[in-house]
Amino acid sequence: MFFLTFYRALRFAFQGFWRNIWLSVVTIIILVLTLFSVSVVAGINVVGREMVKSIENKVDVSVYFFPTVSDSDVESVQYRLESLGSVASVTRVSKEEALAQFKERHKNDPTITESLNELTDNPLGTTLIIKAKKIEDYPLILQVLDDPDYQKLVQNRNFEDNQKIVARLSDISGRIQRGAIALSAMFIIISILIIFNTIRITIYTHREEIGIMKLVGASNWFVRFPFIIESLLYGLIAVAITLILVFPLVQLVSPQLQSFFQGYSFDLAAYFTGHFLMFALMQVALATFLSMASSAVAVGKYLRV
Amino acid sequence: MIRFRGVSKLYPPDVTALKDVTLSIMPGEFVSIVGQSGTGKTTLAKLIIAEQRPSKGRVIIGDWDITDIRSHEIPILRRQIGVVFQDFKLLPRKTLFENVAFALEVAGASRKKISSVIPQVLKIVGLENKMDRFPREVSGGEQQRAVIARALVHRPKILLADEPTGNLDAINAHDIIELLRKINEFGTTVVLVTHNREIVNMLHKRVITLDQGMVISDQKSGRYIL
C-alpha cells in the first residue's frame, strides 16, 4: 500500500510538472535567479576573503640587528620567535645577502655605490623577516623584542613605521569580512523569502484542485505528497541549471582574478572545483528543503475542506 | 441510511443556515431536497459529506455518527458517498479517465482493478470514446457525466448530487436526471439537491422542502411547492 501510494505520488508529481510546464518553467527560472544571486554573493565573499588574505600576506616585519651581533645571538632570537604560536615564518637574511640586496636596489644611484665601495667592512647587520599568522598578532610578537636583553642587539625594526598601515589593514579586513557576512545573510534571507513565496504562489494556483481531491476522499498526505515531490523537482532542476550557469562564469572570471592577485596564488576555478560538492549540497539544501517545506505549508492551508 | 436529528447550523456572526432539522432517508430512496437559494440545501449536503459540522444536533450516515468525525476519518466517509457538484469539480490537469481513476486511487485500488473498472463506468455514462480528453476539451454535460462516473466508481451506497443540472441546458439536464434515476434503480440512495421545479415535478419521487433553514414539507411523491 505504501509503495503504491508512493508510486502514485511520484506519477502525479511528474504529470503535474509536465502538464503545467509553463508554471513549472517560471517557478524554476525564479529559483535559478535566486540561487544564482546567492552564488555570486558567495563568490564575491570568497574573492574578498582571499583579497584580504593576499594583502595580509604581503605584510611582514623586518628586525635589523647591529652589524656586530653574532650569528648565534641572531639564531637564538630567531629560535625564540619561531617558537611563538602566532608566528607563521621567520626568514633570516645574512649580512652578505642584505648587502647584495642593498647594492642591487641602489645600483642606479652612483653616490651610494661609490660610498659603499669606500667602506672596507659590511655596514649592514643580519635581518629577520617575520610573518605572523594573523595580521593582529604583530604587536604581540614584537613585544617579545622589547625584552631588555634584545635592546643591545636590535638596531631597528620597521614595525612602528608599518603599524598604522597594519592597523588600518586589519580594520579594513575586519570590516570587509563583517560586511560580506551581513551581505550573504541578507541575500540568504531574501532567497528564502523568494523561494517560499514562489512555491506558495504555485500552490495557490492549485488550491481548487486540492479542495477537489479532498472532496473525492483523498487523505491529506495523498494530496500533499505529489506537490512536495513536484516542488523537490523544481528545486533540483533549479540547482542543476544554476551550477551549469555558474561553472563557465567561474572559468571566465578566474584568469582575470589570477592576474589581479599578482604574487599570490589564488585560482577561483580550482577553488570552485575543490568546493563543488559543498557548494552543490548547500544549494540543494537551500532550494529543495525550502521548496518542499514551503509547499507542505502552502498545501496545508487548502487542505481544510 | 441518512439521519438528521435536530440539526442546526449557524455561520458567524448571525446566519442560521439550518434550524432544528430532523429527517431520515431510507436505503434505496430517491429524495429531492428543494428550496429557494439560501434556504440551507447546500449546507445540508455539506453536512452529509462532513465538509461542515453541525452547530447542534446529530448527523448519522448508516450506523456512523459523523457529528464529531475526526479529520483523518473524513476521507473514509467520502469514499463511501458519491458526490456530484454543480460546478463539476473535475481536476483540470487530469484526463476524464484519470479523474475517475483518482477516486479509486485515493482508496488504494490496484492498477488492474482501475484499468478494468473505469472503462465500464465511463461506458455507463456514455463517455467511453472521450476518456483521454481533458475536462476543458468536453462539453458541460460530458463533464457532469464524468463527475457521475467518478461518484459511482467505488459503488457508493449514497449518491449526493448538489444542483447537478445548474450549469447545463435542458437536454443535458434531462439526460443527467435520467442517469441518476437509473443509478437509483440499481439500489443506490440518491439525494438530489435542486431548485429546478420541472425536474422535481417530473421525477414523482420524495420531496423535502426547506425554507429559511427549516423543513416545511416532506412528501412521498411530491412536487415543487414553493
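Predicted model: local features only at pLDDT ≥ 70, side-chain atom pairs only at ≥ 80, totals over all residues.
For the complex, the predictor reports an ipTM of 0.82 and a pTM of 0.72. Within chain B, the mean pLDDT is 92, and 100% of the residues reach 70 or more.

In chain A, domain 1 comprises 2–55 + 170–302, and domain 2 comprises 67–152. A distance of 53 Å separates the C-alpha centres of domain 1 of chain A and domain 2 of chain A. In chain B, domain 1 covers 1–80 + 157–226, and domain 2 covers 88–155. For domain 1 of chain B and domain 2 of chain B, the C-alpha centres are 23 Å apart. The contact between these two domains draws 11 residues from domain 1 of chain B and 10 residues from domain 2 of chain B. On the side of domain 1 of chain B that touches domain 2 of chain B, helix 6 of chain B provides the largest share, five residues. That side of domain 1 of chain B is made up of seven nonpolar, two polar and two charged residues.

The next element to consider is the sheet. Chain B contains an open sheet of six strands in the order 6-7-8-3-9-10, with mixed pairing. Its edges are strand 6 (81–85) and strand 10 of chain B; each has a single partner strand, so one side of each is left without a neighbour in the sheet. On average, and with direction ignored, neighbouring strands of this sheet are turned by 15° against each other.

Two helices may be viewed against this sheet. Helix 5 (residues 140–152) of chain B packs on the sheet and touches strand 6 and strand 7 of chain B, its direction making about 165° with that of strand 6 of chain B. Helix 1 (residues 41–48) of chain B lies across strand 3, strand 6, strand 7 (158–162), strand 8 (189–194) and strand 9 of chain B, and it runs at about 150° to strand 7 of chain B.

Strand 9 (residues 206–211) of chain B pairs with strand 3 (residues 30–34) of chain B in the parallel sense, over four bridges. In this region, Ile208(B) of strand 9 stands opposite Ile33(B). Strand 9 of chain B is also joined to strand 10 (residues 214–219) of chain B, here by five bridges and in the antiparallel sense. Val207(B) has Gln219(B), in strand 10 of chain B, as its bridge partner. Strands 9 and 10 of chain B form a hairpin with two residues between them, and Gln212(B) in the turn has a positive phi of about 50°.

Gln86(B) belongs to the loop between strand 6 and helix 3 of chain B. Why does Gln86(B) count as partly exposed? The reason is that Gln86(B) has 18 C-beta neighbours inside 10 Å, whereas 20 or more would be required for a buried residue and 12 or fewer for an exposed one. With residues up to four places away in sequence left out, Gln86(B) touches Asp162(B), Glu163(B), Pro164(B), Gly166(B) and Asn167(B). Although Gln86(B) and Asp162(B) are 76 residues apart along the chain, 6.0 Å separates their C-alpha atoms.

Asp175(B) is located in helix 6 (residues 170–185) of chain B. Asp175(B) is likewise partly exposed, because 17 other C-beta atoms lie within 10 Å. Between the C-alpha atoms of Asp175(B) and Gln52(B), which are 123 residues apart along the chain, the separation is 30 Å.

Finally, the contact between the chains takes 17 residues from chain A and 17 residues from chain B. On the side of chain B that touches chain A, helix 2 (74–78) and helix 3 (96–105) of chain B each supply at least two residues. Helix 3 of chain B gives the most to that side, with three residues. By class, the side of chain B that touches chain A holds nine nonpolar, one polar and seven charged residues.

Notes
Residues numbered from 1 in each chain as written. Chains lettered and ligands numbered in written order. Contact = placed C-beta atoms within 7 Å. Nonpolar A, V, L, I, M, F, W, Y, C, P; charged D, E, K, R; others polar. Domains from an automatic or database assignment. pLDDT = per-residue confidence, 0-100. Pairing = 2+ DSSP bridges. Axes fitted to C-alpha atoms, helices over the stretch in contact; angles between N-to-C directions.
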